[in-house]
Amino acid sequence: MQKHFVLDTNVLLHDPLGMFQFADNIVVIPIVVLEEVDQFKKELSDRGRSAREVCRRLDELREQGHLADGVPLKHGGLLKVAIATADLPTTLSNVRPGHSADNMILATALRVRDSNPGVPTILVTKDVNLRIRADALGLSAVDYDVERITIEELYSGSAEVTIGSEIINTFYQDGRVALEVLKAAASDWPRELFMNQYLLLRSRDNPSQTALGRVDTAQGVLLPTRKLREGVWGIRPRNKEQHCLLDLLLNDDIKLVTLVGKAGTGKTLLAIAAGLQKVTEERVYHKLLVSRPIFPLGRDIGFLPGTVEEKLNPWMQPIYDNVEFLLNLSQPGGTTGRDRRQGQSHQDLVNMGLMAIEPLTYIRGRSIPNQFMIVDEAQNLTPHEVKTIITRVGDNTKIVLTGDPYQIDNPYVDASNNGLTTVVERFKGRALAGTITLVKGERSPLAELASNIL
């Protein structure tokens, strides 16, 4: 049975192609929604881009027939634009004027339901209060969750299996082991393995005997991770997740790395350390480019004076802190590192052309080749913004996205539909991409305790 889906304005602004995501059902767009979309189409923002895209799509459909009567969609559904009337249902007449647009959307949904008895009518909106009001009126309402990803089920990039000690010994001796051999010997084999996923092999007889490897589904084998005895720029992994991360970051064949973790797990520090290693030591890339979206935590302090560089200093200070820690300038007593790092600061690396720290504001239209690129705090980006960034990547460029989905400052995304988690799910299993989730905080015992209990 076909259903009627009545769309709210915020659904189309969130996903301009949302009107095509309802299979062979009937999609109803209240005309008041088009009036609200029209208010945003001149904005030079992601919301304005979405509004213009909605208008273009509807104009294309208009050429195929009258929107008021319904226009067939490619997947077998139907799209209608519902004309509003001046008369509101009696259940909506005694409300304050500030909700007039929402009232007209509710009125349209109620009229569609009453005009089609026996056919389910569902209001689709990302407005929590509107869903509550619809429910109070006896109208079914749901959130738009096409891109919604449950954090608890987010692909972590690693798994653990229990096998016999002899297979672990063989893995160390041969430097690889067939996935079929592991699957036959393991009682807790994962339901599905992905390319560049990490497996911790734990001995069934001696739990302290382990081995860590990376899955290569193309060859059907598990490959060992690289040895990191000397660390990366003096930074050594403190847990198995950090070891997996550094293996991903130092692998030149993997061009996209997504890094998810709570505060204090070492996301930014390890990414910058690997970038400096690749740029200054191995010289695989010409420059380390570090960027982050500009979103304030809490109330903003307003406009900042000075040049572009001076305006960016407060936003980029976390990057400076990590770089100078790696250069041993944050340690008591000043410069205590190796000779080539003594007396250096992040500004010295910038002046030498080895590092650039930029905002994401002006990235559209650029092409970025031969660089190790880090996008910090990527959880504050929308899926469209992340797409814009990744498509800027040129030849021989590696891009690393880091972030914590539980610390989001952008009011237009949440923990389940931001750019970071979208990339994790869309790119899992791709040969050019890898992801890892850091679990254990290493910043300090106090930071770890605060992250867990607050």
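Trainee: What volume does the second largest cavity have?

Mentor: The model is predicted, so local features need pLDDT of at least 70, side-chain atom pairs count only at pLDDT 80 or more, and totals for chains, interfaces and linings use all residues. Residues are numbered from 1 along each chain as its sequence is written, and side-chain values use heavy atoms, with hydrogens and water left out. A cavity is a set of points, on a 1 Å grid over the protein atoms alone, where a 1.4 Å probe fits but cannot get out; points are joined across faces, edges and corners, and the volume is the space filled by probe spheres set on them. For the second largest cavity this volume is about 40 Å³.

Trainee: Which strands each supply at least two residues of the lining of the second largest cavity?

Mentor: Lining residues have an atom within 4 Å of a point, and here they include L289, S291, E358 and P359. Strands are DSSP runs (E, at least two residues), numbered from the N terminus. The strands in question are β13 (287–292) and β14 (355–359).

Trainee: How many charged residues has the lining of the second largest cavity?

Mentor: Asp, Glu, Lys and Arg count as charged; Ala, Val, Leu, Ile, Met, Phe, Trp, Tyr, Cys and Pro as nonpolar; and the others, Gly among them, as polar. The lining has five nonpolar residues and one polar residue, and its charged residues number two.

Trainee: What is the volume of the largest cavity?

Mentor: Its lining includes V423, F427 and K428. The volume of the largest cavity is about 50 Å³.

Trainee: How many cavities of 30 Å³ or more are there?

Mentor: The cavities of about 50 Å³ and about 40 Å³ have been described. By this rule, the count of cavities of 30 Å³ or more is two.

Terms used
1 Å grid on protein atoms, 1.4 Å probe; cavity = no way out; pocket = protein on both sides within 12 Å on 5 of 7 lines; lining within 4 Å. Helix = DSSP H or I, 4+ residues; strand = E, 2+ residues; numbered from the N terminus.
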